[in-house]
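This briefing concerns how the parts of one protein chain are put together and where open space is left among them. Please read it alongside the sequence and the structure shown here.

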Amino acid sequence: MGAAIRSEAFINGQWIDAATRFDVQNPANGDTVAAVPDLGAAETDAAIAAAHTAGPGWSGLLAQERARILEAWYGLIIGEADRLAALMTAEGGKPLAEAKGEIVYAASFIKWFAEEGRRAYGRTIPTTVATRRYVTIRQPVGVVAAITPWNFPAAMITRKAGPALAAGCTMVLKPPQQTPLTALALAELGVEAGLPAGVLNIVTTSKSRPVGDALCADPRVRKLSFTGSTAVGKMLAEKCAGTVKRISLELGGNAPLIVFADADLDLAVKGAIASKFRNAGQTCVCANRILVQADIYDEFAKRLTDATAALKVGPGDEAGVQIGPLIDDAAIAKVSELVADARANGAKALTGGAKLDLGARFYAPTVLANVTRDMRLFREEIFGPVAPLVKFNDDDEAVSLANDTEYGLAGYFFTRDVNRAWKITERLDYGMVGVNDGILSNEVSPFGGVKESGLGREGGVEGLEEFLETKFINFGGM
Ligand code: SIN
């Protein structure tokens, strides 16, 4: 893997150890990759204090000075992409090519927001009184707490840190227990790029609750940005209410991918494979239900099954592997349970449908036919390589099935009819819609959901807004 793995936490510009450490495991084989400090509320308090103290200096820089540091960070991440990808594969299981793709994706947020940070414009407002002048300015919200997930060990950090730091905020980051090493490696490059002490602090922990509680309760923290499950997001939102923090929540999804009879089927199969099997199905925007019009159901099912059965599964560092292990034993247990429930209620596995003999955490890429609304996997986020097929007859039924969920993150559909494309897009209750494409994430567009999939947007011009306050100024006595 090249350079030594950075395995201390990072607070106030110092690499910090602790009396106890916890192991980071390789999900492909259970080996220990490294052990990192198991920090708690006291260290979280120190990290908040550091971020709070560093705030005025960082926000006092010119936007272009912050941009220069962020651009340098971007360059270092890209320069180290192979090493970072190998680290990500070791701790998260993601196939190497996909991990490298994530590093480039992650870096793109740093660069985009370095640029966008220079465009945090206020407004002049036509006055209502002759002796007054009205303007607004934009200012950083202050100390930001970020809590990020294991499924994108780099990109979910930079999608928050990029805009927060560009806006002039400072940050305390709690990376996930499963994949803290990528976070620490990113921080190390941030230091090399010139991030001053206290601007970015990383609290590694296996005890989410005391650290999360400290972040939510502290009045010095003015904003929480969280990516993770809807259940945890709701809990954090309640805790942040005590100090009326601003919150951004990127939560669970239950994405429909609709294939209309007039679709280009090759494109639809390609899109379904890309959406469903990215990161072994462990993304919030993965197709969770594939809705297929009755006229083409059998043909589409056959083509999807062939493409799914051809996917290569194995440890992420093995050449050509497309599907790695699931993150942990709980993930395998959940996927197995959901498939068993579907089968018990009439679903049929066209391929896969079982664990693989490659290690404890490998599940076969699976296509399930005859899935209906009353099965658990119609409603629950699968977070695994299972593609459930649901048959529908017309547009109304497709929309009704698609919207029949409390989630509203991403939805996809395939059609050649422009009219239908507009109308279906407007009727889908989702924050993001992919038309004739199974992948929609990028740094320049707003990522986020409606309903119980979250609040706020990341990426795009909207991503910067999340970290800015608007101050209105009335110049009187003119
Ligand atoms: C996620 O699964 O939460 C993020 C997916 C993405 O950025 O595309």
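The domain assignment of the protein chain gives domain 1 (9-252 + 452-475) and domain 2 (255-404 + 410-443), with bounds that come from an automatic or database domain assignment. This is a predicted model, in which local features need pLDDT of at least 70 and side-chain atom pairs count only at pLDDT 80 or more, while totals for chains, interfaces and linings use all residues. Residues are numbered from 1 along each chain as its sequence is written, and side-chain values use heavy atoms, with hydrogens and water left out.

**Domain interface**

- The C-alpha centres of domain 1 and domain 2 are 31 Å apart, and 26 residues of domain 1 are in contact with 24 residues of domain 2, where contact means heavy atoms within 4.5 Å.
- Between them the two domains bury about 1,900 Å², of which 59% is on carbon and sulfur atoms; buried area here is the accessible area (1.4 Å probe) that two parts lose on being put together, summed over both.
- On the domain 1 side, P27, P95 and W150 lose the most area to domain 2, together accounting for 25% of what that side buries.

**Largest pocket**

- The largest pocket holds about 930 Å³ of space. A pocket is defined on a 1 Å grid over the protein atoms alone, as an open set of points where a 1.4 Å probe fits, with protein on both sides within 12 Å along at least five of seven lines, and its lining residues have an atom within 4 Å of a point; grid points are joined across faces, edges and corners, and the volume is the space filled by probe spheres set on the points.
- The lining consists of 38 residues, and W150, F226, G228, S229 and V232 are the closest of these to the pocket centre.
- Two or more lining residues come from each of α7 (208-217), β10 (221-227), α8 (230-241) and α11 (329-344), the largest share being the 7 residues from α8; helices (H or I, at least four residues) and strands (E, at least two) are DSSP runs, numbered from the N terminus.
- By residue class, the lining divides into 16 nonpolar, 12 polar and 10 charged, with Ala, Val, Leu, Ile, Met, Phe, Trp, Tyr, Cys and Pro counted as nonpolar, Asp, Glu, Lys and Arg as charged, and the others, Gly among them, as polar.
- Because domain 1 and domain 2 both give residues to the lining, the largest pocket lies between them.

**Second largest pocket**

- The second largest pocket has a volume of about 190 Å³, and its lining includes P95, E98, F277, R278 and I439.
- Both α4 (96-116) and α9 (265-277) give two or more residues to this lining, and α9 gives the most, with 3 residues.
- The lining of the second largest pocket divides into 9 nonpolar, 1 polar and 2 charged residues.
- The second largest pocket also lies between the domains, because domain 1 and domain 2 both give residues to its lining.

- K239 is found in helix α8 and counts as partly exposed because its relative accessibility is 27%, the classes being buried under 20% relative accessible area, exposed over 50% and partly exposed in between (1.4 Å probe, protein chains only).
- Leaving aside neighbours within four places in sequence, K239 is in contact with R209, D213 and C216; its C-alpha atom is separated by 9.1 Å from that of G212, 27 residues apart along the chain.
- E466 is found in the loop between α15 (460-465) and β20 (468-475), and is buried, with a relative accessible area of 13%.
- With neighbours within four places in sequence left aside, E466 is in contact with V141, K223, R246, S248, G456 and R457.
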